[in-house]
Amino acid sequence: MDVPLPHLDRPFDYLVPDTLDADARPGVRVKVRFAGQLVDGWLLERVAESAHPKLAYLEKVVSPVPVLAPEVAELARAVADRYAGSLADVLRLAVPPRHARVEKDVTAADAPTPPAGADAVIPASADAADPATPATAPEDAASGPRDAASGPRDAASAPLGAGSGESGGPDAGAPVDPRGWRDYPAGPAFLRALTAGRAPRAVWSALPGEDWADRYADAVAATVAGGRGAVVVVADARDLDRLDAALTAVLGPGRHACLSAAAGPARRYRAFLAARRGDVPVVIGTRAAMFAPVERLGLVAVWDDGDDLHAEPRAPYPHARDVLLTRAQLAGVAALVGGYARTAEAQLLVETGWAREVVADRATVRARMPAIAPTGDDPHLARDPGAASARLPSLAWTTARDALRADLPVLVQVPRRGYLPSVACADCRAPARCPHCAGPLGLPSAEGAPACRWCGRVAAAYACPECGGRRLRASVTGARRTAEELGRAFPGVPVRTSGREEVLATVPAGAGLVIATPGAEPVAEGGYGAVLLLDSWALLTRADLRAGEEALRRWLAAAALARPGSAGGRVVVVADGALAPVQALLRWDSAWFATRELAERRELGFPPAVRMASVTGVADAVADLLAGARLPDGAEVLGPVPADEGRERMLVRVPRARAAALAGALHAAAGQRSARKAADPVRLQIDPLSLF
């Protein structure tokens, strides 16, 4: 039942009346009477008998379409158990809300055309085949499984492994040209294994300048050629558009569906039904696609798994990478985790032998990477003593100037958006705070008055409480102010910005400045002549376990857009070259940094080396839950530490071998509190991205 109470996280038995017998199939949405109320639910299974002597009747079948596939139901249960959550919470993430008009249109398209003179409505046969269940008899290779009272599918929605025909898809069993995968010694073998129907597991480190969307399209095409389907998850809409275009070019139109919450309820539900009915063999999307139903699944893949957009902000807070890896384990299918950078979690897969790394040799890496230089090395400081404190040292300025003179575009990555997101007193350097809520003050524009970034109040008459000064200076410079400054430094050069307000997909070749925040860097035709990575301190000094990993991920993503060094591509990072993330960038060796990061986390006892649970709430509620939890042997309780809005957080750490026991104990304790109707809620998170 769709009830958000942990102590009700179990199946309930109901009798099915004769009037609902035909429609009450596993996977359909239903309504049942529970505790005097009509609640939504899912029909998981039909059985002949029940151990309970007295049962209520099923009230209603909301829709006869079985939207919940058995494989997805099994996955949802595993994800709920892994994250100490409830099955109902996971099912809300797995199956999009019903859109009646779309469902009616789809089912109406399956209805047969009545013959001349026949009644307008022809009832479906009582023994019609279940559209969610493949027929037991062999099907013709040119047609897919039949829906109730429907004929063969058309060529554009042929079953997996069908001939290309007009759809342009690969033939079943035909080898896929490895193309760019030849740059990786294990790449062609990975594609051959996918075509052969095996289940290889790979952690892929992409080369600089690599068109990752084309490589993923090759892997998906190899899987489809082997007669299986694929699910690919990316972080945002821009990556989804790139992958959509690449798959359309390889598979042909109509051979894949895009699942994204940003698409809107109708389009999302239509794409979901296309996947559930087997009309398409491939589903791609943002984290909304991680539970997508795909017939004969053969590959699950995630791109850039270190992006925090892969973490679901709703209970039970699953991560797309972990959901897909769990799915690969349960279904015995192939898995691909790729990115320019490598996370500690991906490195753990390699070190435990669960997956093999797919990397290029060092000679190929050196030939493809741009020339990368830091500004904090001793030789640079000797030539430019002000480089240690300058926001744009002379090395960065001359690199940008040379690229513009060569008629090449220049990318400038700035960690913060806006104009001046943080200001301070110009006299005593004290941070400027809002007199109402103590939030940080910022300047929205050159002529604008300082305003609070928390409550939005304008502090036009701000006076420093420390010295009484009224002049303000920049503490942190945003992308718009950077564009303004560089526009004055390079007059006559076009300046473009790409960020949260407007994300550019591509920029033309030729001289120009592009100021972008991390994740919004557009692709330049032919590659950038120079990439400047400014304000590195803003990324490296964050109080976060993943600060170094996240900084390297953002730098590599921007540097990958530069031309190779042999073609004049240069990257300047405004940071000390002795820092580990900078060293990994200089050598383009994210595997080395991931190995080092994982070793340090093992020594300190942080995820993914251990399993850690975060328990957040008011102090009494947190203490109450932990007191009632039967934590496994060896569990270590850390805290409390302050959280937001007057709450506190406790951390529970266990070895990975006892992860299931920890999740089960916390879920059971939460169920005990909900059964006795405890007033204060407690949030449970397993391996949260933010621990501090």
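The protein exposes about 30,800 Å², of which carbon and sulfur atoms supply 53%; accessible areas come from the Shrake-Rupley method with a 1.4 Å probe, and for residues only the protein chains shown count as cover. The model is predicted, so that local features need pLDDT of at least 70 and side-chain atom pairs count only at pLDDT 80 or more, while totals for chains, interfaces and linings use all residues. Residues are numbered from 1 along each chain as its sequence is written, and side-chain values use heavy atoms, with hydrogens and water left out.

Buried residues (under 20% relative accessible area, with exposed over 50% and partly exposed in between; 1.4 Å probe, protein chains only) make up 52% of the 692 residues. Among contacts (heavy atoms within 4.5 Å) between residues at least 6 apart in sequence, 73% join residues at least 24 apart. The protein has 19 helices and 26 strands, taken as DSSP runs numbered from the N terminus (helices H or I, at least four residues; strands E, at least two).

An open sheet is formed by six strands in the order β11-β22-β21-β12-β19-β17, with parallel pairing; two strands pair if DSSP finds at least two bridges between them. β11 (371–374) and β17 (495–498) are the edge strands, each pairing on one side only. From one strand to the next, the twist averages 15°. Strands β12 (residues 409–413) and β21 (residues 530–533) run parallel and are joined by four bridges, and Leu411 has Val531 of β21 as its bridge partner. Helix α13 (residues 479–489) packs on the sheet, where it touches β12, β17 and β19 (512–516), and its direction makes about 160° with that of β19. Axes are lines fitted to C-alpha atoms, for helices over the stretch in contact, and angles run from 0 to 180 degrees between N-to-C directions.

Helix α2 (residues 87–94) is mostly covered, with seven of its eight residues buried: Leu87, Ala88, Asp89, Val90, Leu91, Leu93 and Ala94. These buried residues pack against β2 (37–42), α1 (70–82) and α7 (265–276).

The axes of helices α9 (residues 344–351) and α17 (residues 590–604) come within 9 Å and cross at roughly 90°. α9 is therefore roughly perpendicular to α17 (65 to 115 degrees). Ala344, Glu345, Gln347, Leu348 and Glu351 of α9 make the contact with Ala591, Ala594, Thr595, Glu597, Leu598, Arg601 and Arg602 of α17. By class, this contact has five nonpolar, two polar and five charged residues, where Ala, Val, Leu, Ile, Met, Phe, Trp, Tyr, Cys and Pro count as nonpolar, Asp, Glu, Lys and Arg as charged, and the others, Gly among them, as polar.

How values were computed:
Parallel < 35°, antiparallel > 145°, perpendicular 65-115°, else oblique.
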